[in-house]
Amino acid sequence: MREIALGYMPLVDAAPLIVAAEFGFAEEEGLHLSLLRAASWSMLRDMLDIGHVAAAQMLSVVPVARALGLGGGTELLETPMVLSLNGQVIGLSADLPDIGFGDPVATGAALRGLGRKLRVGVPFPFSMQAELLTYWTERAGGAAVEVRTIPPPRMAEAMRMGEIDGFCVGEPWGSHAVDTAGARLVLPGSAIWSQAPEKVLATRAGWAETEPELAGRLLRALWRAGRWAGNAANRTTLAEVLSRAAYLDLPPDLIDRALSHRLLVTPLGPEAEVPQFQSFHDGLANFPWRSQAAWIGARLASRFGLDRAEAMTSARAVFRSDLFRQHLAPIGAPLPRASDKVEGALLHDETLPAVHGQLILARNRFFDGAIFDPFPLA
């Protein structure tokens with residue numbers, strides 16, 4: 001049995017790592033997973049940098065930002081697998097006017113109508129939360145926001161203390177803020193982009209080539225664990241396991257909201273059903289599309305004044321679809337024929353030819369109808 005240390009943050013989307021350790025998927029691959037919980041994303045990033053962990057659940061933007069020379073750190077990182085899509089919520093203080101739930105355009109216009117800058121907490125400057133928030137506010141009314149970094153478990157406390165007016169955070173910490181700080185949810189992240197890569201498996205660049213057998217075992221264990229976590233029949237069990245003190249240390253019913261895609265908008269309701277709220281497996285969720293990385297690179301280039309084409313090229317190299325293909329093909333995982341796609345172009349789920357057989361791509365839309373072509377000059 002080979003031991004491997006993995007880092008994670010206490011979030012619902014840590015599920016693939018926890019499931020792999022708890023339900024035998026790692027053991028089937030001859031692995032013992034030592035899961036190390038971090039208190040913040042910066043702490044987890046540093047654990048990975050210094051080699052305290054071999055791999056980690058990571059914000060999808062961090063490895064791309066590192067490749068573009070943003071955010072500090074000493075080690076280049078790469079992404080051989082996506083762990084989850086979406087799972088974020090945007091919420092506001094109950095002190096602000098009620099502006100409804102679920103409509104990005106109307107909500108953006110209402111925020112602009114408040115006539116003042118809003119302090120909005122995100123878990124890390126280089127996060128999908130920050131990218132979705134800025135993309136949405138830029139394109140839906142131009143509301144002024146001041147982004148502040150707050151670790152996810154502190155989001156409710158920061159709102160109670162008046163440090164922030166709102167947040168964009170991964171579950172269950174948005175629901176926790178509803179229950180303990182009276183927050184009001186206004187949007188799920190999936191309403192902004194239905195296929196946003198939220199968390200990824202991150203390793204130091206070159207690790208998978210240095211340890212190919214170990215990397216393969218880990219990717220296969222996590223892929224199978226994600227498939228199990230994405231099965232609705234396992235939802236109750238998964239919520240109970242994630243709720244344990246060693247992991248999220250929160251009530252199972254709070255975690256179940258994200259897993260069931262049914263969110264409590266305010267402490268007294270209503271409950272909202274959110275399609276595509278979060279995915280651990282379905283719709284080829286785990287494949288590290290280079291076009292997803294290119295979108296992140298383009299966003300960072302826009303925000304930080306970098307050359308867009310160069311940023312997209314560097315970003316695409318970070319999402320290692322070649323490693324995913326190498327290690328998942330032997331177990332029959334569905335693989336697309338290309339490693340890029342046009343983002344935002346699917347109105348509905350679509351069945352497509354795969355390397356072997358067929359696969360289903362999930363609906364892929366931006367709220368404003370935008371289309372992102374990863375090869376704009378081709």
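Helices (H or I, at least four residues) and strands (E, at least two) are DSSP runs, numbered from the N terminus. This model is predicted, so local features need pLDDT of at least 70, side-chain atom pairs count only at pLDDT 80 or more, and totals for chains, interfaces and linings use all residues. Residues are numbered from 1 along each chain as its sequence is written, and side-chain values use heavy atoms, with hydrogens and water left out.

Start in a loop. Asp249 sits between helix 11 (235-242) and helix 12 (252-260). Its phi is near 55 degrees, a positive value in a residue other than glycine. Most residues other than glycine have a negative phi, and most peptide bonds are trans. Is Asp249 buried or exposed? Buried means under 20% relative accessible area, exposed over 50%, and partly exposed in between (1.4 Å probe, protein chains only). Asp249 has 52% relative accessibility, so it counts as exposed.

Gln276 also has a positive phi, of about 55 degrees, and is not a glycine. Look for Gln276 in the loop between strand 12 and strand 13 (278-279). At 23% relative accessibility, Gln276 counts as partly exposed.

Next come two cis peptide bonds. One joins Glu171 and Pro172, with omega about 15 degrees. Pro172 belongs to the loop between strand 8 and helix 8. Another runs from Gly269 to Pro270, with omega near 5 degrees. Pro270 is in the loop between strand 11 (262-264) and strand 12 (271-273).

Now turn to a sheet. Strands of a sheet pair through backbone hydrogen bonds, either parallel or antiparallel. Here five strands form an open sheet in the order 7-6-8-5-9, with mixed pairing. Two strands pair if DSSP finds at least two bridges between them. Strand 7 (145-149) and strand 9 (184-188) are the edge strands, each pairing on one side only. From one strand to the next, the twist averages 25 degrees. Axes are lines fitted to C-alpha atoms, for helices over the stretch in contact, and angles run from 0 to 180 degrees between N-to-C directions.

Strand 5 (residues 88-92) pairs with strand 8 (residues 166-170) in the antiparallel sense, over five bridges. Gly91 stands opposite Phe167 in strand 8. Helix 8 (residues 173-181) packs on the sheet and touches strand 5, strand 8 and strand 9. The direction of helix 8 makes about 135 degrees with that of strand 8. Contact means heavy atoms within 4.5 Å.

Helices pack on each other too. Helix 1 (residues 15-22) and helix 11 meet at an angle of about 95 degrees, with their axes 11 Å apart. That makes helix 1 roughly perpendicular to helix 11 (65 to 115 degrees; under 35 is roughly parallel, over 145 roughly antiparallel and the rest oblique). On the helix 1 side are Ala15, Ile18, Val19 and Glu22, which meet Leu238, Val241 and Leu242 in helix 11.

Which residues of helix 15 (residues 321-328) are buried? They are Ser321, Leu323, Phe324, His327 and Leu328. Seen down the axis of helix 15, these fall within an arc of 160 degrees, so they line one face of the helix. The arc is that of the directions from the helix axis to the C-beta atoms. Their cover includes strand 4 (77-86), helix 9 (207-210), helix 10 (212-229) and helix 13 (290-304).

Finish in helix 10, with Arg217.
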